[in-house]
Amino acid sequence: MLHDGEGAVSIEGVRAVQSCLRAGVEVVLMSGRRRAQVFEDARLLGQSSYIFEAGACVVLDGEENWLTGELSPGALTIAEQIERSGAPAMLLERYTGRLEYHEPWHTEREVSHLFRGLVDAPEVDRALAEHGHAGLRLVDNGVVNRRSEALAELPHVRGYHLVPAGASKAGAVALHSRARGYSRAETFAVGDSREDLACAANVDAMWLVANAVQRDPTIREAIAAHENVRVAEAGYGAGVYEAVVSTLMGERP
């Protein structure tokens, strides 16, 4: 919130939130991170709704809305149920040298299994289906910087979430909008990954901050499929501020 992509102090992210609050715009944090992390950030911003673990659950005024299909939390968490299915072990064995757990952030998760590496997500989804795990999918969450020696030969490393097939940020955005009674024209989103980009179908304007394209130039091909997507000139918090102010001023992609 208080630093840019180079680690220098910046308050542009704070200004982005401030601009929304002054305009009466609800801020909904949406992340692949664990519930505890996203909840605390939402609490600090005074917001009662948030989306965690890549769209697996929408918390709306304290009420949990799970987008995990037949899997639901009970005696076992959804993450534990996925582990017992054997799907994570199958992927780690099949993609040895290309996929590993994203340590240390893969622990204490309620839904998703968090990996890093370099694989083709659609190919992985086909492999999941072939092995009896059609109810799961792999979400590409963009480039990450951390890797182990086992992945040292890869040209770059990406983060991936193994989630129930029904879980998505786009679905979470749609659910929140319905619950609040927002029309599509009343909403916009800002993100930095392909999973964020998918939300374009459910908002009036979809923004990607500059570092989304800088870290993954191939995302431009996916952007071309949407007419309401715009890439900010700035990255990180400054890019979010640019997107917020431009949208509030009525600028469209």
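Which residues is Leu91 in contact with, leaving aside its neighbours within four places in sequence? I found Leu99, Val124, Leu128 and Leu162; contact means heavy atoms within 4.5 Å.

Basis: this is a predicted model, where local features need pLDDT of at least 70, side-chain atom pairs count only at pLDDT 80 or more, and totals for chains, interfaces and linings use all residues. Residues are numbered from 1 along each chain as its sequence is written, and side-chain values use heavy atoms, with hydrogens and water left out.

Buried means under 20% relative accessible area, with a 1.4 Å probe and protein chains only. This core has 21 residues, and Leu91, Leu128 and Leu162 touch the most other members. Among the elements giving it two or more residues are helix 4 (87-94) and strand 8 (157-164). Helices are DSSP runs of H or I, at least four residues; strands are E runs of at least two, and both are numbered from the N terminus. A second, separate core of 14 residues includes Cys199 and Val229.

**Cysteines.** I searched the whole structure for disulfides (cysteine sulfur atoms within 2.5 Å) and found zero. For Cys57, the nearest cysteine sulfur is that of Cys199, 16 Å away. Cys57 is buried at 0% relative accessible area. Cys199 is also buried, at 0%.

**Ser246.** This residue lies in helix 10 (residues 236-248). Ser246 counts as buried, at 9% relative accessibility. Not counting residues up to four places away in sequence, Ser246 touches Trp207 and Glu251.

Key: Buried < 20%, exposed > 50% of the residue type's maximum accessible area, 1.4 Å probe, protein only. Core = buried A, V, L, I, M, F, W, Y, C linked by side-chain atoms within 4.5 Å.
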